[in-house]
Amino acid sequence: MKMMKSNRRLQQEVQSKLLNTSLVVFVIWYVTKVDPQYINPWNLTAGQWVMGGLCIRGAISFYDHLVVGTIEWMASMQQRKRRNQTRQRKEDGDSNIDDNSIIDDDESILLPTRRSNQQPARYVSLDTKSILFLVINSVDEWIFVQRLLHYIWFASEVSLEYSELSLKNTVGALWVMFVVLDLCYAPLHHILHQSWCYALVHKHHHRQHYPTRGYLDAGNEHPLEHFIGIGCTWAAVGASTYITGAHAFTIFLFFNIHAALAMLNHSPYNIQWTIPGLGQYSVGNHEMHHRKFTINYAQYCMWYDYMMNTYASYEGPSPTTTKKANTRTTTATAQKDQNRASRVDDKVCKKEA
């Protein structure tokens, strides 16, 4: 048995090296022979290119913290409002209100599996491969930002005029972008979970069963997967421009909302909104995907999962597994998910063998 596992691991390592080497050779060939301007559409000098990349990296880090800070501020406002209402009811003589009712529930913003009455779930630190992937993907993001801005500025079909803003090329265009994004991304994401490629590409992203770090967990994926995600974003922008004549402002807004939701999807926050025409966006949906692996492949618009019968609503921890005060017992929910993850990985490896 140990010999079989060792052989499978060796086979995966060889396949992974072949895949990564092939990707490197393809990228070098493409940017040197096919499209030399792909990585530098604005013809920046080397110094300008590096400084621009560093500025974008700083901006993304700031934006990540801004999103988290905004969510926490909104939650604190809601908590303050609830406390004031509770105090007012007590002052009005409501006998159902006691001092225990006036408690600042600082954890109401967190998903149930992340609260302090639950044992901390499986947490994986960033290893060398994760850091390497994050660096490569950050370069890919910088190239994408350059190309997107170049497209917005020079494409004749994209309007830059404020006077040409309309419901069709703003609200309508934004709706088309998010629908097309997930109709492209979800089936490709589903394919990445197939046994023949899961261990080579997508498995690394699923090391973290309970995403916590926002951008660092969202961007911690194989560069091929990252490139697929960017391709889906381009498909969304192109389709919306063709169908609705998307305005430059709308494309910029879409990019920022898309980035914020991707960060939130890999955070511990219990955020959910009902988006007209798209359904309910929920961070819990993506947590369930990381916990269960074979459900909730879409990111924001869950239509694909409804059609493929792969949608599953959020499951919090069982009431019977709540951690008692000052104990260190692992919750049944976290343990069950970890065991399931191990079985899925073993199953994938066996299929590949």
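A disulfide is a pair of cysteine sulfur atoms within 2.5 Å. I began with that cut-off and searched the whole structure: 0 disulfides. The sulfur of C184 has its closest cysteine sulfur in C232, 5.3 Å away, so the two are too far apart for a bond.

I noted the ground rules. This is a predicted model, where local features need pLDDT of at least 70 and side-chain atom pairs count only at pLDDT 80 or more, while totals for chains, interfaces and linings use all residues. Residues are numbered from 1 along each chain as its sequence is written, and side-chain values use heavy atoms, without hydrogens or water.

Next, I checked burial (buried is under 20% relative accessible area, exposed over 50%, partly exposed in between; 1.4 Å probe, protein chains only). C184 is partly exposed because its relative accessibility is 26%. C301 has 3%, so it counts as buried.

Then I looked up nonpolar cores (buried Ala, Val, Leu, Ile, Met, Phe, Trp, Tyr and Cys residues joined through side-chain atoms within 4.5 Å). The largest has 45 residues. V158, F178 and Y281 are among those with the most contacts inside it. Helix 4 (168-192) is one of the helices that each supply at least two of its residues. Helices here are DSSP runs of H or I, at least four residues, and strands are runs of E, at least two, numbered from the N terminus. Helix 4 gives the largest share, 9 residues.

Last, I followed the strands. Strand 1 (residues 272-275) and strand 2 (residues 279-282) run antiparallel, joined by 4 bridges; pairing takes at least two DSSP bridges. T274 has Q280 as its bridge partner.
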